[in-house]
Amino acid sequence: MELTVDYDSSRVAFVQEDTTRYLVQVGEEWLLKRLARVPRPMGSADHRLATLQGALRYPVSALMGQQQGTMLLSYIVDPNGHTRDYVVEKSVSTACNNEVWRALQTLPDNWIPAIYQGRPVAARFYLTVKFQIMSSAEWLRFREEEERRGQSPAGDTKVASAPSPRYVQEVVITAVAQ
């Protein structure tokens with residue numbers, strides 16, 4: 001269990017320990033700090049990523065143009081527990097940027113804010129979305145490898161499983177070319 005909330009008192013009852021340093025706003029500066037309470041979406045971070053993954057589709061115009069690559073988006077979770085200041089740090093294409101933005105708007109915007117030195121503070125998060133096109137043969141090899149490892153491929157999308165800091169969320173969107 002990662003988090004337990006007592007909704008009657010509006011308090012967090014249990015939080016799994018997290019020793020990650022988060023990029024938080026202290027005064028006018030952004031600093032990496034260990035926090036008394038880390039920012040996290042209400043509910044499950046895994047569920048949030050799975051919902052985002054399910055909402056994303058490879059844009060047809062990007063497919064037709066054979067556009068692939070990794071989009072990097074940064075955003076802030078403010079002291080009130082809402083996201084703001086979305087910035088595309090690295091773009092694949094306008095169509096891919098618009099698709100990620102469309103999918104993000106479908107997610108609930110309720111977060112438990114970061115606590116640093118007894119006060120809620122803004123924290124920066126990053127989302128990477130990798131758009132990739134595979135041939136049918138590559139897709140079949142990928143599926144066989146996943147099945148050998150005991151995992152089932154998730155249709156045309158997959159959450160990246162490489163370890164990363166908790167403030168970096170990663171999603172991979174794969175289109176299979178015929």
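**View 1. The salt bridge between R149 and E145.** The side chains of R149 and E145 come together in a salt bridge with an N to O distance of 3.6 Å, the term being used here for a side-chain nitrogen of Lys or Arg within 4 Å of a carboxyl oxygen of Asp or Glu. E145 has a relative accessible area of 32% and is therefore partly exposed, where buried stands for under 20% relative accessible area, exposed for over 50%, and partly exposed for values in between (1.4 Å probe, protein chains only). A search of the whole structure returns 5 salt bridges. The model is predicted, with local features requiring pLDDT of at least 70 and side-chain atom pairs counting only at pLDDT 80 or more, while totals for chains, interfaces and linings use all residues. Residues are numbered from 1 along each chain as its sequence is written, and side-chain values use heavy atoms, with hydrogens and water left out.

**View 2. The salt-bridge network of D78, R84 and D85.** These residues, D78, R84 and D85, are linked in a network of salt bridges. The side chain of R84 meets that of D78 at 4.0 Å, N to O, and the side chains of D85 and R84 meet at 2.5 Å, N to O. D78 counts as buried because its relative accessibility is 11%, whereas R84, at 30% relative accessibility, counts as partly exposed. D85, with a relative accessible area of 42%, is likewise partly exposed.

View 3. Most residues other than glycine have a negative phi. Q117 is not a glycine either, and its phi is positive at about 50 degrees. Q117 lies in the loop between β9 (114-116) and β10 (119-121), and with a relative accessible area of 65% Q117 is exposed.

View 4. Strand β11 (residues 123-135) pairs with β13 in the parallel sense over 10 bridges, two strands being treated as paired if DSSP finds at least two bridges between them. Within this pairing, V129 stands opposite V171 in β13, and Y126 has V168 of β13 as its bridge partner. Because 11 of its 13 residues are buried, β11 is largely enclosed by the rest of the structure. Strand β13 (residues 168-177) has 7 of its 10 residues buried, so β13 too is largely enclosed by the rest of the structure.

**View 5. The protein chain as the setting of the close-ups.** The secondary structure of the protein chain comprises 4 helices and 13 strands, and 39% of its 178 residues count as buried. Among contacts (heavy atoms within 4.5 Å) between residues at least 6 apart in sequence, 69% join residues at least 24 apart. The protein chain exposes about 10300 Å², of which carbon and sulfur atoms supply 49%, with accessible areas taken from the Shrake-Rupley method with a 1.4 Å probe and, for residues, only the protein chains shown counting as cover.

Note on methods: Helix = DSSP H or I, 4+ residues; strand = E, 2+ residues; numbered from the N terminus.
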